[in-house]
2 protein chains.
Amino acid sequence: MTTIPPGLLPEGLSDRLPPQAEASARLARRVLDTVAGHGYERVMPPLAEFEDTLVGRLKTMRAQDLVRAIDPVSQRSLALRPDMTAQVGRIAATRLASAPRPLRLSYAGPVIRLRANQLRPERERFQIGAELIGSDSATAAVEIVNVAIEALQAAGVTGITIDFTLPDLIDNLAAGPLPLAPEEIEAVRTELDAKDAGALAAISPAAAAYLPLIEATGPFHAAMERLEALNAELGGAIDSRIAGLRAIAKPIGWDITLTLDPTERHGFEYQNWFGFSIFADGFTGEIGRGGSYAITRADGSDEPAMGFSLYPDPLIDAGFGGEAPRRLFLPLHHDPVRAAALRAEGWHSIAALTGQENGETLRCSHWLDGDEPRAY
Amino acid sequence: MTTIPPGLLPEGLSDRLPPQAEASARLARRVLDTVAGHGYERVMPPLAEFEDTLVGRLKTMRAQDLVRAIDPVSQRSLALRPDMTAQVGRIAATRLASAPRPLRLSYAGPVIRLRANQLRPERERFQIGAELIGSDSATAAVEIVNVAIEALQAAGVTGITIDFTLPDLIDNLAAGPLPLAPEEIEAVRTELDAKDAGALAAISPAAAAYLPLIEATGPFHAAMERLEALNAELGGAIDSRIAGLRAIAKPIGWDITLTLDPTERHGFEYQNWFGFSIFADGFTGEIGRGGSYAITRADGSDEPAMGFSLYPDPLIDAGFGGEAPRRLFLPLHHDPVRAAALRAEGWHSIAALTGQENGETLRCSHWLDGDEPRAY
């Protein structure tokens, strides 16, 4: 094999350098501080777990997509986490099983997978999130959506769009008011994903009954009116979903764009009645997502939960949040007490080591002249 | 195979729960803020790299101790990082090769290895550090040691002991004023590690000349006097080392305990002339280490560097830094503007979802009664 150049990294893995690394850390702090303010307490699950217990909670993850290794201690397969939500669910279901509900937990850290996909070429991502365990009510959804928005806004993100979806809508309609043969369901889903009315109608007369859902997509209030019209035709079969979406949307401020895509399913494999994606102006692809789901308790029963995860790397890659600190050059024999006082005021000091350094070359805007910073 | 209980984690991997997880995050922030104040800029290397390039910079790491996987993209072996210092060296030598020197970089994140050792049963650790690239002078060492102390003290750590060592001392003495046959060097090192004077003298008359180093160990000033006495006998052969240690010790305050163990080598496989370990009262094992080393540039030449890494997990495990936030229960229909104002004052608020919750059960000390927090 040829030698790998010393600076080459594997595809989908990369270094974050100054000032982007600092911007990423600052964004994570502000998000975590905001969710802490709402009572979400930090947990730190490990990077790796037994593959069996991890994959059991990752319904859609294929084992070959994980970074795995045989544990020399147990001779069992370990897997690196591709996601932290499942780990937080494990903690809630085991070590914190007897903690009072609702249980509010937050987390942040890197996640990694061996195989990326075309939509997301990066194999390592930074994930930050909050989970509310013990409820999946509309009230819980209101809290989760609003905490997610507040956290992003506290971090300086503007132009936020939230796209609501109803992940289990098709299954519920197919099992009830708009019956579909089992073999038709996937075809209906595919054409709804493609928003292809002609292809949907061509599947079968039963499938054609789903045509109104294609129109119930887009800006929230107009789309909701179309969804409500369908609900009226169905005799109120999805009243609870309509009421839930209305309740969640109500307290959201006007500086957020709300949209609805009731049949969107990509990435909502865990969610049941409610899901949402988060976008921000100027960034392609979603920066976060969330919704309602169920955690499997140790006894096999389900516990309702609601949460969100943010993946802020695209924001940082696009140059978000770069703030240059004020850099102060400290010549040899400077007053260390004065330098410490200036650091406490927010200066970042760069001390001379040899007396030969040039503060401007080291990107300092000022140098310490006696007691005072002086501009170059 | 038997089924793994859903809550079981592999040996050496563990969850950090509230409030320890928050204490860990707070400690990391304070350390990173302190080093940022001294001009160290954050970098974030990836969790995994090509095994060849990673191991090439990890002189003493065995490949079988790493978590490894075959990269389906390149068909090369990837390895998870067991240490971040080597990654920062790679960044300095490649992407930041042309950045002005001295280059000050900081980092923080999890590191993982497949096999633990007896001294350290944990396989995942949190590492925080700072590296000063472009100098390994005594002045650089003064900065690094003092920034490490200041960072730990800013995080609230007290009772700090710093143990200095001279990692390449034996090699230099053996190649010069106290010659040893190549096959004797390892035996001399072993007996110096064991502080076994009898066994050391028994190796050979040449080895017996190293006996004074056993006594040059312990509280700094007394040990330095013995090291200086040996230096005088050797005609000043280690003048530069003595002067370096004196220079580094001079500005260190009296609230730190300084010790010297000039032949300590465990964990200093990278360091050349200077190394140090950090301990804190009440915690067994070191909580950090650092020293001087060389980074291999892309052209094969060496660049001097100095740095430190902290591994604060033992501090957190011992209960360090747990601060309970003030938790405020928000009944249904509370004033959200008032609640936001109280969060801005530092309260963590826990909102009612159903009206059935008991704030005290949710560990709230107060509840929002109209506009004011009222104690339970």
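Predicted model: local features only at pLDDT ≥ 70, side-chain atom pairs only at ≥ 80, totals over all residues.
## Ground rules

Residues are numbered from 1 along each chain as written, with chains lettered from A and ligands numbered from 1 in written order. Local features need pLDDT of at least 70, side-chain atom pairs count only at pLDDT 80 or more, and totals for chains, interfaces and linings use all residues, while side-chain values use heavy atoms, without hydrogens or water.

## The interface

Let's start with its extent. 84 residues of chain A are in contact with 84 residues of chain B (heavy atoms within 4.5 Å). Together the two chains bury about 7,400 Å², 63% of it on carbon and sulfur atoms; this is accessible area (1.4 Å probe) lost on being put together, summed over both.

## Charged pairs and composition

Between chain A and chain B there are 10 salt bridges (a side-chain nitrogen of Lys or Arg within 4 Å of a carboxyl oxygen of Asp or Glu). One of them joins B:Arg90 to A:Asp15, whose closest N and O atoms lie 2.8 Å apart.

On the side of chain A that touches chain B, 43 residues are nonpolar, 14 polar and 27 charged. The classes put Ala, Val, Leu, Ile, Met, Phe, Trp, Tyr, Cys and Pro under nonpolar, Asp, Glu, Lys and Arg under charged, and the others, Gly among them, under polar.

The same surface serves both copies, as 100% of the contact residues of chain A recur in chain B.
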